[in-house]
Number of protein chains: 6
Amino acid sequence: MAHFSNPLRKVWAEGRTAVNGWLAVPSVISAEAMAVAGWDSLTIDLQHGTADYSDLLSLLPVIEKSGAASMVRVPWVDEASIMRALDAGAMGIIAPMIETAADAERFVSSCLYPPEGRRSSGPIRARLAFGAGYQPSANREIVTLAMIETRSAVDELEAILKVPGLTGVYIGPSDLGSAFGHGPGFDRSEPEVLELIEHIRRTTADAGLVCCLHCGAPDYARDVAARGMNLVTISSDARFIEAGAMETVKAFRRTA
Amino acid sequence: MAHFSNPLRKVWAEGRTAVNGWLAVPSVISAEAMAVAGWDSLTIDLQHGTADYSDLLSLLPVIEKSGAASMVRVPWVDEASIMRALDAGAMGIIAPMIETAADAERFVSSCLYPPEGRRSSGPIRARLAFGAGYQPSANREIVTLAMIETRSAVDELEAILKVPGLTGVYIGPSDLGSAFGHGPGFDRSEPEVLELIEHIRRTTADAGLVCCLHCGAPDYARDVAARGMNLVTISSDARFIEAGAMETVKAFRRTA
Amino acid sequence: MAHFSNPLRKVWAEGRTAVNGWLAVPSVISAEAMAVAGWDSLTIDLQHGTADYSDLLSLLPVIEKSGAASMVRVPWVDEASIMRALDAGAMGIIAPMIETAADAERFVSSCLYPPEGRRSSGPIRARLAFGAGYQPSANREIVTLAMIETRSAVDELEAILKVPGLTGVYIGPSDLGSAFGHGPGFDRSEPEVLELIEHIRRTTADAGLVCCLHCGAPDYARDVAARGMNLVTISSDARFIEAGAMETVKAFRRTA
Amino acid sequence: MAHFSNPLRKVWAEGRTAVNGWLAVPSVISAEAMAVAGWDSLTIDLQHGTADYSDLLSLLPVIEKSGAASMVRVPWVDEASIMRALDAGAMGIIAPMIETAADAERFVSSCLYPPEGRRSSGPIRARLAFGAGYQPSANREIVTLAMIETRSAVDELEAILKVPGLTGVYIGPSDLGSAFGHGPGFDRSEPEVLELIEHIRRTTADAGLVCCLHCGAPDYARDVAARGMNLVTISSDARFIEAGAMETVKAFRRTA
Amino acid sequence: MAHFSNPLRKVWAEGRTAVNGWLAVPSVISAEAMAVAGWDSLTIDLQHGTADYSDLLSLLPVIEKSGAASMVRVPWVDEASIMRALDAGAMGIIAPMIETAADAERFVSSCLYPPEGRRSSGPIRARLAFGAGYQPSANREIVTLAMIETRSAVDELEAILKVPGLTGVYIGPSDLGSAFGHGPGFDRSEPEVLELIEHIRRTTADAGLVCCLHCGAPDYARDVAARGMNLVTISSDARFIEAGAMETVKAFRRTA
Amino acid sequence: MAHFSNPLRKVWAEGRTAVNGWLAVPSVISAEAMAVAGWDSLTIDLQHGTADYSDLLSLLPVIEKSGAASMVRVPWVDEASIMRALDAGAMGIIAPMIETAADAERFVSSCLYPPEGRRSSGPIRARLAFGAGYQPSANREIVTLAMIETRSAVDELEAILKVPGLTGVYIGPSDLGSAFGHGPGFDRSEPEVLELIEHIRRTTADAGLVCCLHCGAPDYARDVAARGMNLVTISSDARFIEAGAMETVKAFRRTA
């Protein structure tokens with residue numbers, strides 16, 4: 001327990017595609033119900049989910065206990081959100097709406113201790129959770145994923161990928177689709193969006209970084225994994241509830 | 001909005017079987033994800049769920065907004081739990097482990113204002129939620145369901161059913177099965193347990209009261225509904241998460 | 001700050017009628033807004049209010065800071081609720097639905113350390129808040145008020161008043177009125193209820209104990225104070241909001 | 001319930017002045033006590049109130065249930081606060097300290113989906129609360145109010161009013177008065193401040209946008225409504241408690 | 001992680017004295033700061049501590065992660081408190097104020113599934129935390145400790161020890177000292193109290209059960225461990241803060 | 001209670017070195033356990049601690065009740081965090097990572113009302129806690145401390161110290177040490193770091209401002225106090241727990 005090594009890096013070192021669960025409900029019991037499924041990583045969503053900083057303190061131990069890597073999507077690229085999530089013990093950060101190399105630099109430097117970055121020292125919970133070995137290994141183990149979900153991000157992709165310390169990119173298909181005029185939604189099938197996703201993936205792979213995609217259904221996720229995506233998120237706790245409830249009521253009420 | 005009329009009573013007046021959702025997660029957002037499915041009633045479980053009194057204040061408005069009846073399963077038959085849940089606006093109470101007519105009388109009298117019972121006056125949230133008409137109509141609209149889940153309860157069933165003001169019984173198949181030596185579990189198929197359930201249902205129907213059953217799957221629930229059960233609970237929010245997560249990870253990882 | 005002396009006892013020693021504020025909203029900021037008004041005591045209502053045990057920890061410091069005595073109405077007469085409220089630092093307890101001398105004895109003995117009672121030792125917050133002097137003076141300073149609000153309580157009044165250690169009684173006019181067939185409500189004017197209240201007050205005074213009454217409006221409270229009531233509660237935080245909001249919207253919308 | 005139409009827009013379409021309630025207390029029960037009064041809208045104040053993001057999840061359902069429009073004043077103009085409040089279901093945003101057209105553009109573009117703005121897609125609670133129709137109608141229904149409360153804002157008013165998508169302005173009389181050397185306070189009577197308020201209102205009306213004012217008392221609010229103000233806030237939940245408590249204690253203690 | 005085996009039973013099987021930490025602060029971060037010290041078990045105190053049921057959900061995962069056994073002291077012997085703590089995943093229960101064999105029977109039967117007891121089935125978090133193996137092994141692994149802290153308990157000790165399923169006793173020296181006229185306090189040195197403690201320990205050992213003692217300082221705990229005590233609690237999180245703070249300020253301010 | 005005067009200013013006026021306690025645990029009871037020790041000030045750490053805005057509402061009354069000055073370290077220099085902490089009643093702000101005079105100006109102007117700064121008016125809790133006298137005296141009493149912990153801050157120190165309204169600087173030795181290549185840690189002994197600290201202290205003193213240092217142990221703090229430091233922080237609540245627990249378990253388990 002006293003080591004800090006990020007399970008995601010092991011998955012990628014083995015050449016596997018990580019399957020990532022998504023936590024939008026800020027409750028310990030729903031996180032435990034998710035955690036039993038054996039995800040490679042679990043992401044607490046502080047942007048479009050409903051957890052807040054305080055919830056990290058109770059959700060992160062649950063994720064750690066399951067053996068999954070713990071990720072946090074911060075609400076926006078700001079130093080306070082990023083550093084507090086890491087101090088709480090997040091093993092990686094997904095940063096939304098990265099549009100330029102400058103955004104990415106601000107993001108990555110907030111995740112890394114000097115001299116690589118300017119993260120402030122004080123890993124209150126991370127040190128308790130991972131031991132004295134945390135701080136020396138943090139810069140090596142923490143995963144930094146920049147969300148690519150705007151026209152500007154696509155245009156600036158190569159510059160973004162050159163930011164030292166960036167682990168990879170995370171494609172937000174809903175905003176990306178909207179940015180290119182196709183409306184929101186996951187599991188895109190529009191040729192233009194599919195091409196964009198493949199372009200981002202290939203460019204990222206060429207740069208030696210990982211590429212991740214937010215998906216809705218396991219079949220779609222399997223397909224993109226087969227095509228080389230390094231991490232796929234599938235659905236979320238809130239969507240499992242909604243889908244389970246709707247299917248159940250519908251199945252009960254169907255006319256024989 | 002200013003009326004207090006219990007939607008469950010309307011379902012039963014129409015001769016329909018109510019389909020009840022089960023809330024074990026003490027979170028507003030998971031309750032909203034459940035509430036969109038169109039359940040006839042939603043029960044907040046304070047016994048084997050993880051909500052506590054304080055959670056009622058935020059969960060009950062979500063249930064009311066959905067149009068479903070709001071039920072609370074209290075952790076045990078005690079005056080404080082029952083009266084506080086009702087003051088918070090619960091439209092009905094499910095009381096666990098009712099074993100005798102005396103238990104049932106203590107339960108029902110805690111739910112009803114004098115002279116029918118001894119509920120203390122002070123419906124802090126119920127009055128705000130349902131208006132000045134709440135208190136005069138409360139005794140008529142509140143639903144009281146006694147759980148039948150022990151040998152003693154089965155033995156005492158007729159006496160329990162005679163307690164004035166009792167709306168009906170709620171069968172807990174897991175404890176009932178255990179009590180008769182068959183171990184825990186929902187959706188029982190052991191002939192002895194099935195017979196017990198049918199015995200309870202028929203005896204309750206003969207007494208002119210409603211009979212409810214906790215179920216795991218919609219097909220099982222449809223069957224018991226077809227045989228005259230008045231309310232069926234199906235699964236829960238926590239189980240929808242767990243099942244959704246396990247199926248998703250399994251589907252993603254299956255070998256082609 | 002290191003002394004534990006109950007401000008209510010000083011008010012009564014001076015022969016004044018205490019004016020008590022009522023906290024139904026479990027929020028620090030609403031308690032602070034109440035506390036500036038200069039009440040002699042403030043009561044956190046765990047029965048018909050919406051605070052729960054956890055809220056005591058943040059509300060009690062606010063009351064103490066204001067100089068008022070801190071009281072807690074427990075949800076029911078049970079050892080856990082009473083002892084935990086006292087350990088959290090409540091200077092007195094109001095116990096609902098006391099119907100017999102046995103109820104009162106159970107209540108009072110839960111409030112007092114041995115040999116006078118059977119309160120368990122471990123005043124976690126009380127010792128921090130009031131210092132090492134707390135435990136030796138607790139039995140002398142803590143105020144115990146038994147609610148008189150049923151026919152049985154009226155019948156048993158003299159026996160209840162003889163319970164050693166009881167400080168006095170607290171009349172719940174809404175339940176008392178209901179018990180005698182007049183329906184719920186504060187500031188009663190029915191001759192029978194007025195007579196009952198006066199009977200309870202006089203019998204209590206004759207026994208050398210204090211008598212308290214829950215009121216709705218300051219004028220009514222002034223009248224009963226003038227007739228010898230030792231403590232009057234007036235309205236509550238939730239009612240101040242409701243009344244303020246309704247009067248404001250009405251005043252704005254009135255036709256000129 | 002599955003529609004997303006902002007009640008405030010209906011009030012304004014009918015040519016009425018909306019009366020807005022102000023929530024500074026982060027408690028469900030105080031919000032319910034406010035909500036019964038029939039306000040046209042209720043604003044949760046995250047700037048000078050004490051609610052935080054997490055409180056939105058439980059307060060917004062209460063406001064929706066009442067039929068009022070739900071507004072949130074964010075603590076500052078930042079993307080995270082604005083987008084999270086909207087995702088939680090806020091029907092409109094009041095943004096403090098707008099000083100330039102650039103501030104207003106940043107504010108408005110954070111409230112609107114592409115192509116009008118750059119709000120990120122993921123309305124976690126808004127979709128559950130308002131249905132699938134939410135996202136297509138959000139840009140049309142969401143209300144965006146820029147606070148005018150500094151010298152710079154007054155100087156830049158016409159440029160601010162030209163920002164596409166801005167619904168109107170909200171005058172903060174306390175900061176505005178301070179900025180012009182008159183100290184803090186509501187319901188201003190200084191001729192210079194009155195003239196400023198009328199100047200802002202008239203300029204805003206000329207631009208075809210709505211003008212709103214924070215008020216303390218209903219009479220003052222009636223006057224400004226009569227002069228054409230489109231929305232008036234009156235007092236707050238915390239002030240109703242404070243005023244109610246102080247008047248009550250004073251009334252009780254007044255010498256006859 | 002999918003096994004349910006109680007680490008305390010392993011300690012005792014090895015003939016060691018368990019050292020137990022005490023959690024009075026209901027915070028995840030303080031629990032993590034405690035958990036790194038390597039206690040054999042950690043007890044969340046719901047009686048004289050300040051945690052409440054809801055806190056169990058976030059504190060228990062932290063304890064499990066540390067490898068320590070998780071214990072809960074319930075506020076009083078009632079079915080709801082006991083069963084809810086176990087459903088949340090507590091590996092053992094300490095029950096205060098056991099005075100008779102009947103009390104002990106009520107306590108133990110609430111901890112065990114039928115046919116040994118009458119615990120209701122529904123281990124919501126325990127099943128998620130410990131897997132499908134939880135329920136079959138629960139009766140064997142759960143630890144039940146009856147507090148001996150009154151004259152009656154001492155008188156009834158042999159009968160209490162005969163209750164089937166009881167794991168042992170937990171001596172509360174503060175209440176026990178008070179009961180015998182010596183005032184509250186830990187680490188007793190009065191000959192009468194020492195003799196009582198030794199009498200309880202020896203009687204319990206003779207009955208083949210474990211005996212536990214609440215201590216204040218490690219030296220005292222070492223002594224009683226050497227004399228055969230099976231578990232010793234030492235101090236608490238709240239006392240570590242208080243002592244650390246007082247020593248620090250004193251050390252800083254001491255005159256050279 | 002109705003005055004707002006900052007106890008820290010009195011300590012400094014008397015020429016004493018203030019001893020400051022550090023709150024990293026967001027719990028009322030741990031704050032009470034800290035507060036009894038008699039610190040001159042207590043700082044709630046929103047940067048590397050685990051409290052969040054909402055916790056301020058319950059922690060600040062506890063600090064005020066103790067007589068200590070209440071300080072808040074904000075997570076980053078942003079208007080929302082600073083103004084909300086002050087509105088909640090913080091008597092002073094510690095701002096991390098001040099690197100330039102522009103940073104310091106932004107920080108200080110967020111703390112002061114016009115015309116000295118641009119703090120927005122609305123001290124919701126501060127007015128309730130300190131009375132009507134709060135707002136007129138706030139600019140005079142509030143303490144503003146800029147953290148000096150980077151190379152840039154050291155280079156810009158004289159410019160930073162010239163920012164009108166700045167009370168002084170707070171040295172973060174861990175980040176400062178890292179910035180100069182010595183790794184994280186408190187109570188530095190590297191000659192270069194010691195010289196830097198002395199340089200900062202002397203330059204600050206020459207500018208007539210106060211200089212503060214974060215320390216780990218009382219002896220180190222005494223030394224720096226003797227050399228003229230105006231405020232020393234020593235350890236934290238979380239570290240008292242961790243150290244107390246580790247020493248206790250170690251002492252118990254030491255071989256005789």
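How much area is buried between chain F and chain D? Here are a few notes on that contact, and on a barrel elsewhere in the model.

1. A reminder to start with: this is a predicted model. Between chain F and chain D, about 1,500 Å² is buried, and carbon and sulfur atoms give 53% of that area. Chain F brings 17 residues to the contact, and chain D brings 17 residues as well.

2. On the polar side, 13 residue pairs are in polar contact across the interface of chain F and chain D, with both residues at pLDDT 80 or more. The side of chain F that touches chain D draws at least two residues from each of helix H3 (53-66), helix H4 (79-87) and helix H6 (124-130) of chain F. H4(F) gives the most to that side, namely five residues. Sorted by class, the side of chain F that touches chain D holds six charged, six nonpolar and five polar residues.

3. Two salt bridges are counted between chain F and chain D. Arg84(F) forms a salt bridge with Asp52(D), and their closest N and O atoms lie 3.4 Å apart.

4. Now to chain E, where eight strands form a closed barrel in the order S1-S2-S3-S4-S5-S6-S7-S8, with parallel pairing. From one strand to the next, the twist averages 25°.

5. Gly21(E) has Leu42(E) in S2(E) as its bridge partner. In general, strands of a sheet pair through backbone hydrogen bonds, either parallel or antiparallel.

Key:
Residues are numbered from 1 along each chain as its sequence is written. Chains are lettered from A and ligands numbered from 1 in the order in which they are written. This is a predicted model: local features need pLDDT of at least 70, side-chain atom pairs count only at pLDDT 80 or more; totals for chains, interfaces and linings use all residues. Side-chain values use heavy atoms; hydrogens and water are left out. Contact means heavy atoms within 4.5 Å. Buried area is the accessible area (1.4 Å probe) that two parts lose on being put together, summed over both. A salt bridge is a side-chain nitrogen of Lys or Arg within 4 Å of a carboxyl oxygen of Asp or Glu. A polar contact is a pair of N or O atoms within 3.5 Å; within protein, one must be able to donate a hydrogen and the other to accept it, and residues adjacent in sequence count only if both atoms are side-chain atoms. Helices (H or I, at least four residues) and strands (E, at least two) are DSSP runs, numbered from the N terminus. Ala, Val, Leu, Ile, Met, Phe, Trp, Tyr, Cys and Pro count as nonpolar, Asp, Glu, Lys and Arg as charged, and the others, Gly among them, as polar. Two strands pair if DSSP finds at least two bridges between them. Axes are lines fitted to C-alpha atoms, for helices over the stretch in contact, and angles run from 0 to 180 degrees between N-to-C directions.
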